[in-house]
Amino acid sequence: MSLPHTEKTNLLGLDHEALVAFCAQLGEKRFRATQLFRWVHQRGVADFDAMSDLAKSLRGKLKERALVEALPVLAEQVSRDGTIKWLFDVGGGNAVEAVFIPEKDRATLCVSSQAGCAIGCRFCSTGHQGFSRNLTSAEILGQLWYAEHELRRRFGRDERIISNVVMMGMGEPLQNFSALVPALRTMLDDHGYGLSRRRVTVSTSGIVPFMDKLAQQCPVALAVSLHAPLDPLRDQLVPLNRKYPLEELIAACHRYLEHAPRDFITFEYCMLAGVNDQPEHARALIELLSGHGQGTAWCKLNLIPFNPFPQSGLHCSNADDVQAFARLLTDAGLVTTVRKTRGDDIDAACGQLAGEVQDRTRAVIRMQKSRIAPASAPAAAEPLPQSLELKA
Ligand code: SF4
């Protein structure tokens with residue numbers, strides 16, 4: 001008798017070692033698990049019958065006990081600049097988003113880790129919706145699995161398309177640590193996606209104990225949502241600061257650096273008009289980041305233009321203020337970039353995704369009204385930008 005669908009193990013949630021253990025339960029050797037892992041992740045195959053070099057008996061056991069299934073796609077949006085946003089159904093009226101961002105020298109997928117978010121940052125539309133649930137490892141990794149293989153099919157490519165992953169979509173990844181780590185391991189695995197640790201970034205609002213755990217268990221590149229240089233202001237913008245104030249956070253960053261694949265931490269700083277974008281804020285930021293006797297070379301600043309949404313009561317800093325702020329930081333020796341906005345026409349700003357999540361019907365209608373195709377009828381494939389050169 002076949003197991004009901006829901007009792008089957010979704011192989012997208014198993015990292016290589018977990019798949020070895022799963023196959024051992026089926027009486028199969030390690031190399032069979034590796035073959036299976038490669039079929040799923042490197043070739044994007046979900047149908048066990050199509051895995052031609054697996055014995056028929058193993059394929060039969062897999063059909064009984066396992067499945068390979070990403071989240072259903074509710075809708076897809078394609079921007080004029082090549083950015084693609086997918087809205088995935090996570091059940092219960094909730095949805096999460098993943099965003100593909102092609103650039104000259106890389107192609108990045110921004111991945112969600114939770115439906116909603118409990119951190120409640122003032123400037124983030126996800127934070128305003130509250131927390132719904134953690135995604136499973138299969139649901140996190142499934143965003144990459146779907147995007148990578150869908151893009152290969154669409155663009156007729158055999159080789160890897162997505163070169164970088166940033167965990168900067170909906171949710172605080174470190175609040176879903178046990179599901180996050182297996183997904184990261186599959187991204188890094190040579191038999192999986194083979195991404196280097198430098199090309200996988202976890203972005204956190206600063207959950208200090210889990211920053212230390214990540215350093216021990218899976219030290220990928222780290223980005224920290226900073227947004228304010230002083231505790232009273234950060235308490236308001238990122239409420240988690242009351243639990244892990246700046247001094248503790250910066251000390252945790254320095255500890256992380258001992259394990260990090262890059263010799264710097266990236267700090268994200270959302271520019272909010274009249275709130276955190278004045279010269280005194282820049283000076284306080286310089287003092288915060290150049291303290292600890294480490295100089296300024298250990299970090300990079302990424303200034304992000306705020307993407308306004310109605311309930312926030314906040315406004316985007318004007319371009320002159322952003323430039324003046326960046327100049328003060330640069331003059332003090334801090335490597336500073338101003339993030340280019342991508343996918344403006346599809347509202348794809350990282351960290352401010354899925355304002356529509358709690359009403360997915362309205363979300364789909366809105367997406368269909370803009371340049372959107374429902375999942376069942378994908379948008380006419382736009383070619384990857386000619387200038388896209390993917391790094392190995
Ligand atoms: S910025 Fe990140 S941590 Fe803060 S509320 Fe939004 S999703 Fe959560």
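Me: Let's start with α5 and α6. At what angle do those helices pack?
Reply: In this predicted model, helix α5 (residues 137-155) packs on helix α6 (residues 177-188) at about 35 degrees, and the two axes are 8 Å apart.

Me: Left-handed or right-handed crossing?
Reply: Right-handed, as α5 passes α6.

Me: Which residues make that contact?
Reply: From α5 you have Ser137, Ile140, Leu141 and Leu144, and from α6 there are Ala179, Leu180, Pro182, Ala183, Thr186 and Met187. Sorted by class, that contact of α5 with α6 has eight nonpolar residues, two polar ones and no charged ones.

Me: Nice. Now α1 and α2, how do their axes cross?
Reply: Helix α1 (residues 16-25) and helix α2 (residues 30-41) have axes that come within 8 Å and cross at roughly 125 degrees. That angle makes α1 oblique to α2. Their crossing is right-handed.

Me: And who meets whom there?
Reply: On the α1 side, His16, Leu19, Val20 and Cys23 meet Arg30, Arg32, Ala33, Leu36 and Phe37 of α2. The class count for α1 with α2 is six nonpolar, one polar and two charged residues.

Me: What about α10 and α11, what's their geometry?
Reply: The axes of α10 (residues 279-290) and α11 (residues 319-331) come within 9 Å, crossing at roughly 30 degrees. The two helices are therefore roughly parallel to each other.

Me: Switching to the ligand. Which residues come nearest?
Reply: There are 13 residues around the ligand, and Cys117, Ile119, Cys121, Cys124 and Gly127 come nearest.

Me: How does that shell split by class?
Reply: Five nonpolar, seven polar and one charged around the ligand.

Me: Good to know. What's the average pLDDT for the chain?
Reply: The protein chain averages 88, and 86% of the residues score at least 70.

Me: Where does pLDDT stay under 50?
Reply: Over residues 350-392. The model has 88 contacts beyond four places in sequence for that stretch.

Note on methods:
Residues are numbered from 1 along each chain as its sequence is written. This is a predicted model: local features need pLDDT of at least 70, side-chain atom pairs count only at pLDDT 80 or more; totals for chains, interfaces and linings use all residues. A residue is near a molecule or strand if its C-beta atom, placed from the backbone, lies within 6 Å of it. Ala, Val, Leu, Ile, Met, Phe, Trp, Tyr, Cys and Pro count as nonpolar, Asp, Glu, Lys and Arg as charged, and the others, Gly among them, as polar. Axes are lines fitted to C-alpha atoms, for helices over the stretch in contact, and angles run from 0 to 180 degrees between N-to-C directions. Helices (H or I, at least four residues) and strands (E, at least two) are DSSP runs, numbered from the N terminus. Angles under 35 degrees count as roughly parallel, over 145 as roughly antiparallel, 65 to 115 as roughly perpendicular and the rest as oblique. A crossing is left-handed if the near helix is turned anticlockwise from the far one by less than a right angle, and right-handed if clockwise. Two residues are in contact if their C-beta atoms, placed from the backbone, lie within 7 Å. pLDDT is the predictor's confidence in each residue, from 0 to 100.
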